[in-house]
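Q: Hi! I have a new model open and would like a quick tour of it. Can we start with how a helix bend is worked out?

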Amino acid sequence: MTLTLNSFLDAFIYALVGLSVIPLLYLNVRHARTLGLIDWPKARGVTDDHVPIVGPSLIVMALITLAVMMAFFNVSPWVLTASVIIAVMGYFDDRHPLPALDKLFFQAVCAGAVVYMDPQISSHLSSQYGNWGLFLGWFFIMAMVNAVNFIDGIDGLAGIVLLTSFAAVPFLVGASGGTYPYAILSCIMVGALVPFLYLNVIKRRGFLGNIGSYFFSFIAAVAHLSMPFEASDIVSRLCLSGLCFLIPFSDAATVITLRMASGRSPFRADKGHLHHRLVQTNLPLRYILAVFAMVQTIGAGTCFFLASSEAGKGWMVPTVIFSGLALITSTLILLLEKASRIRVQAYFQRLDLGEPIYYLKYRVSRVSKVAVTQREMLRLEAKFAAEIRVTDICVAQEADCLFVVLRTMAEPLKGISARLEAIINAEREYHFNLMERGDFAKRVTGSTPARKTA
């Protein structure tokens, strides 16, 4: 069966088939505690409560699809067998964390079985790139499995990566012009991941878990690796597929580089991953997911463009573009948390020098008694921020409060208040109640900061 852009209706129908996972998700959530499928709060985690692991319900759908494809299409049983082993390893890792080397061993065996024993992948890689192609193909699967697992710590991030990487497969098949049964699986997985993301991001009632992140990253990597791209060498070939995994690759490369640069083992866990940095910045989740969905879409779109053109068949263009986009993404990951940390450090340094930090707190309400919307608060926050120094902060705190923090007093507090009052007077639809005004100063003992209010 050929699934290309000309059969968009077929792709849509297969995606609708993926929605049949909804009853399985419901049963998974309901019986998660009985089955031991619970993600409990961890020292390096980002949640304070236990959350059901719903990856197994999605895996059931994927395994059924793989079994059907193995019966009716040219899909090797090695893929199904290796996927089951990966899922079992992930299940035990969710129940009780396994040592890193043990997990790497199982991953290496499963990736090797697919690359060296699956006729479709083995013949494609070995005929074009030789033994070096087989080795780097094995490394690609290993890298993507662990990279996606690295970022699976914040609601929706791994799901967005998997969704975009699976969604790219039918388009890339259309670009290559070949017959590719994994396009069917990819469409079904897109349909299954949509209700998962609703459960994960909107309802906050389900995680993929290690079982889900390992399994689906393994399947996605295998699907991309076995596509019949034309490339002059194995590096440019893997760079094409790597464009669909920009976020996990950039995060993994950044974390491993920083660990080794500081003399630590690359396998030693820390809080330097992307989701840790995002949590530390206190950015709203919807903005985070929107930005990284855009990055993933740009990467997948670039991959499609290169796969459709003659430039993508050479060694230089895919490698340079992938390296450049990965470097930009890695830099953004580092700057994201670094900028927030530097600003916080500046405030603490001022306190250490015995100098105060000034603040104003306003409660905002509508004259008409209608609740103030979040969009309105963001607009007011921006107007207030325009009247203070760039090193100072204005945030929409809670649902109806504006909190202004001033690191330095370039002018009397009364002058700043006057400029803010001008904004307040111009906004006739709102009431602004100055709840508190004063400064924070460090106590003489140096133990805790004292707060002075005016």
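A: Happy to! The bend at a residue is the angle between two fitted axes, one through the seven residues ending there and one through the seven starting there. Keep in mind that this is a predicted model.

Q: Great. Where is the kink in α7 centred?

A: The kink in α7 is centred on Tyr 129, and the angle is about 135°.

Q: What caps the N-terminal end of α7?

A: Asp 118 does that. One of its side-chain oxygens lies 3.0 Å from the backbone nitrogen of Gln 120.

Q: Switching to the surface: which residues form the nonpolar patch?

A: Phe 8, Leu 9, Phe 12, Ile 13, Leu 16, Val 17, Leu 19, Ile 22 and Val 194. Together they have about 820 Å² of accessible area.

Q: Which helix gives the largest share of the patch?

A: Helix α1, residues 8–18, with six residues of the patch.

Q: Take Leu 16 there. Why does it count as partly exposed?

A: Leu 16 lies in helix α1. It counts as partly exposed because its relative accessible area is 42%, and that class runs between 20% and 50%.

Q: Is Ser 165 buried or exposed?

A: Buried, with a relative accessible area of 1%.

Q: And what about Tyr 347 and Arg 407, how far apart are they?

A: In sequence they are 60 residues apart, and from C-alpha to C-alpha the distance is 6.4 Å. Tyr 347 sits in helix α15, residues 316–352, and is buried at 10% relative accessible area.

Q: Last one: what is the phi of Lys 369?

A: Phi of Lys 369 is near 70°, a positive value in a residue that is not glycine. Most residues other than glycine have a negative phi.

Q: Where does Lys 369 sit, and why is it called exposed?

A: Lys 369 is in the loop between β3 (357–366) and α16 (374–385). It counts as exposed because its relative accessibility is 74%, and the cut-off for exposed is over 50%.

Note on methods
Residues are numbered from 1 along each chain as its sequence is written. This is a predicted model: local features need pLDDT of at least 70, side-chain atom pairs count only at pLDDT 80 or more; totals for chains, interfaces and linings use all residues. Side-chain values use heavy atoms; hydrogens and water are left out. Patches are made of residues with over 30% relative accessible area and no salt bridge: like charges are joined within 9 Å, nonpolar side chains (Val, Leu, Ile, Met, Phe, Trp, Tyr) within 5 Å. Accessible areas come from the Shrake-Rupley method with a 1.4 Å probe; for residues, only the protein chains shown count as cover. A salt bridge is a side-chain nitrogen of Lys or Arg within 4 Å of a carboxyl oxygen of Asp or Glu. Helices (H or I, at least four residues) and strands (E, at least two) are DSSP runs, numbered from the N terminus. Buried means under 20% relative accessible area, exposed over 50%, partly exposed in between (1.4 Å probe, protein chains only). A polar contact is a pair of N or O atoms within 3.5 Å; within protein, one must be able to donate a hydrogen and the other to accept it, and residues adjacent in sequence count only if both atoms are side-chain atoms.
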